[in-house]
Amino acid sequence: MKKKFMLIVPMLHQGGFERVCVATARLLEPYYEVYIVIFSAMDIAYDIRGLHVIDIHMKSVEGKAGKVLNVFRRAKRVAALKRELGIDIAYSFGPTANLVNVFSGMGLFGLTGRPGGGGSGRAECPEIWCGVRSYMDMGNPRLLRLFCRYSDRVVSCSRLIQRELEERFSCRKVCTLYNPFDLETIHVQSQEAGEKERLPFRDSARVIVSMGRQDDVKGFWHLLKSFSLLHEKYEDARLLIVGEGDFREYWRLAEELGVADAVSFPGVKKNPFPWLALGRMYVMTSINEGFPNVLVEAMALGIPVISTNCMTGPAEILAEDFDAVSSRQEYRDADYGILIPVMDAQKNLDAGQITEEERKLAKQMERLLTDGALYEKYSKAAEKRAAQFSGEAYVEQIRRMAEE
């Protein structure tokens, strides 16, 4: 009899751990019965056809008291689903889902058995796996202590997060599970004809691409200012930032920098890969990450990347020996891409103030535009590295974990 997996995620709008949740479901289907539990079906951005998705219709609410009550309402419903479906392993993605997963297994809602106690077979209280998907999650020690104590396994998306959980919280049941990538699908979807007809900047050979939601943690004001310097020298250079948000403040900044005609913010795309494939390079200016999926997705398409050496993920993706570079804030030609220091986290939308670090990023982008040998080196290295993050390796590790 196949084991039953429950994957818990608040929503399936565009985002890193949402993508990983859907990918996990598809990869596990041949081996397990898989259910995705979501709290709200608003703004679903991923292809969930053929997947067993259960919407419990409990979207987020305002106010501290309302939020606390909502966690327990969700936990009660999830506990009932675990019992009704006979779930063996419940794997949650992100702090909100982790809280619901933990509370649903604490004996408050009819499930028996000690949370975090493990067990074999179909116990009434299934195994609880909590996913720590971002380095920003490390800023809430109370939640992390709760997850470490009351889960059977804490799943991190980077070795650096794993190390910190072990050292700061004495967590001995933490492991690193790198995000999975369907490299063949990325290539196929990047050639989707319907999308390609709607792409901007198709006639430019100097398109810089970045992706992410409109959030200060992405540091997009740095990218815009650096791009404006590049555009002064190369008038055919273009910048494409794909992601959720209206980007109104960045539109204004682009206008004040004099590059509005050379910049596009097309919003969320269900299939972002044709947009990604436009890039001569991919540039990431994040202040923090968990495991930046889009770096690997860009590399899978042979696109050279420049990334801040932020917590966490870029050093592990772009360098063979991540320990040697993870804490080094310098400009480094790493094994698989270019690492740059993390830039100022304080947002500055003044077009008249361009920092030295933004000037240095512009120089790194210019290197990739003009140095053909460097471009070819990192294009080939990118594809080679991306191949190491296959879905097959991901599934094999989950299956080992599920049988332990």
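Predicted model: local features only at pLDDT ≥ 70, side-chain atom pairs only at ≥ 80, totals over all residues.
Residues are numbered from 1 along each chain as its sequence is written. Local features need pLDDT of at least 70, side-chain atom pairs count only at pLDDT 80 or more, and totals for chains, interfaces and linings use all residues, while side-chain values use heavy atoms, with hydrogens and water left out.

Start with the open sheet of seven strands, ordered β10-β9-β8-β11-β12-β14-β13 with mixed pairing. The edges are β10 (263-267) and β13 (332-333); each has a single partner strand, so one side of each lacks a neighbour in the sheet. Strands (E, at least two residues) and helices (H or I, at least four) are DSSP runs numbered from the N terminus, and two strands pair if DSSP finds at least two bridges between them.

Select β13 next: two bridges join it to β14 (residues 338-340), antiparallel. R332 has L339 of β14 as its bridge partner.

Three bridges join β9 to β10, and the two run parallel; L239 stands opposite V263 in β10. From β9 the chain passes through helix α9 (residues 248-257) to β10 in a right-handed β-α-β crossover (with the strands pointing away from the viewer, the path from the first strand over the helix to the second runs clockwise). Four of the five residues of β10 are buried (under 20% relative accessible area, 1.4 Å probe, protein chains only).

Finally, select N98 in helix α3 (residues 95-104). Leaving out residues up to four places away in sequence, N98 touches S92, F93, C130, G131 and F147 (heavy atoms within 4.5 Å).

Notes: Buried < 20%, exposed > 50% of the residue type's maximum accessible area, 1.4 Å probe, protein only.
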